[in-house]
Amino acid sequence: MLKRRDAEGPGCKMADIDDSLWRPPRSCEHYWAEWKHCRTIRNFLHHYYTYGETPSCDQWKRDYQNCQEWEENGSPEAKQFLCKSEQARILAKQKHAPVWTMRQSPPRDWHLPLPGEGKSK
Amino acid sequence: MEGADAETQREREREQQQQFSYQVFPERFSEGKPKRSFLHTSFCTHNQKCRLMLLKATELSPFVKLLLDAMKRSGCTVYRERHFSCEDCNGNVSGGFDAATSQIVLCQNNIHNQAHMNRVVTHELIHAFDHCRAHVDWFANVKHLACSEVRAANLSGDCSLPNEMVRFNFGLKQHHQTCVRDRALRSILAVRKVSKEDAQKAVDEVFESCFNDHEPFGRIPHNKSDAKRAHRDFQNRDRYYSNV
């Protein structure tokens with residue numbers, strides 16, 4: 001699994017204590033762009049082709065509105081709703097147990113020369 | 001002693017499967033050592049075209065660029081000269097991932113246009129990405145192979161609506177999943193000596209988990225715009241995960 005770098009923010013839980021460092025996980029423009037894209041005919045078609053049903057786009061709109069609310073008024077409720085929404089997205093992706101065991105480090109031979117090459121002279 | 005016997009049996013199985021797959025890629029020795037003839041590869045037209053298309057794919061395809069970034073981030077930086085090889089292959093195979101040498105094989109005699117090259121490079125990079133991030137037992141565990149093939153068919157654009165229509169596979173509602181299952185099955189049978197029933201069973205058992213594993217894209221990219229959006233999200237993941 002790709003490792004996350006905690007360089008930029010305290011995360012939703014820590015931000016309950018001190019939210020001066022917290023900012024929305026995505027920019028508000030990003031939420032707006034996702035909502036707009038979700039509602040295109042092309043996306044409807046792709047979603048139906050993939051899942052056999054039409055997409056639901058309302059959550060992106062709610063996220064955009066909460067993002068705006070946070071940016072403009074610093075609303076703690078808006079922050080909570082946004083956090084819960086993104087956490088739900090992450091949990092939805094983790095619903096299924098992986099088939100394989102994840103590595104703790106990359107394969108040792110990835111960067112080695114090809115067999116037969118790079119032998120010392 | 002029983003454990004040692006089982007381990008020996010698994011090793012034997014692994015070697016047999018490796019030998020079977022190398023029949024498709026005859027330029028790889030059975031030990032997994034690709035032969036290199038610089039003069040031959042320099043002047044062969046198929047090879048030059050393959051290398052040029054590969055270069056374009058790595059520089060222009062948003063699918064490929066995202067995967068290369070993800071590989072780098074996972075500690076497996078990809079170098080064209082080291083990790084790609086343009087070779088002649090048997091049959092209709094377009095490419096493969098050789099875990100023994102950490103190389104992606106591109107079948108220069110079967111890839112004839114840039115769009116196809118982009119898709120093949122994407123497909124094989126997904127296998128390489130899985131190899132980099134997980135302990136994938138490519139030769140002895142058909143479920144592991146099935147999972148990576150499901151992901152590659154799902155995320156590479158192999159099963160896009162236009163591609164399926166060109167194959168005269170007409171379907172709309174949820175057809176993407178039908179295509180992914182079918183292409184994963186074909187890929188397994190092309191490189192492993194397993195029965196169709198065993199391969200199908202493996203695909204069925206892993207499908208739910210692996211079809212919904214969209215790493216590193218975060219979504220199923222149906223076209224270049226989706227791939228660009230996914231790449232933007234990928235570049236933003238530090239901010240994302242540190243504020244959730």
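What share of the contacts in chain B with a separation of 6 or more comes from residues 24 or more positions apart? From there, please turn to B:Asn223 and describe where its place is.

Guide: The model is predicted. In chain B, 63% of the contacts with a separation of 6 or more are between residues 24 or more positions apart. The chain is built from twelve helices and four strands. Its radius of gyration is 18 Å, which agrees with the value near 18 Å that a compact globule of 244 residues would have. Along the principal axes, the C-alpha atoms of chain B fill a box of roughly 50 × 50 × 45 Å.

B:Asn223 is found in the loop between α10 (196–211) and α11 (224–235) of chain B. This residue counts as buried because its relative accessible area is 16%, and the cut-off for buried is under 20%. The side chain of B:Asn223 reaches two backbone nitrogens: that of B:Ser225 at 3.2 Å and that of B:Asp226 at 2.9 Å. When neighbours within four places in sequence are left aside, B:Asn223 is in contact with B:Phe63 of its own chain and with A:Arg42 and A:His46 of chain A.

Key. Residues are numbered from 1 along each chain as its sequence is written. Chains are lettered from A and ligands numbered from 1 in the order in which they are written. This is a predicted model: local features need pLDDT of at least 70, side-chain atom pairs count only at pLDDT 80 or more; totals for chains, interfaces and linings use all residues. Side-chain values use heavy atoms; hydrogens and water are left out. Helices (H or I, at least four residues) and strands (E, at least two) are DSSP runs, numbered from the N terminus. The radius of gyration is taken over C-alpha atoms; the globule rule is 2.2 Å times the number of residues to the power 0.38. Contact means heavy atoms within 4.5 Å. Buried means under 20% relative accessible area, exposed over 50%, partly exposed in between (1.4 Å probe, protein chains only). A polar contact is a pair of N or O atoms within 3.5 Å; within protein, one must be able to donate a hydrogen and the other to accept it, and residues adjacent in sequence count only if both atoms are side-chain atoms.
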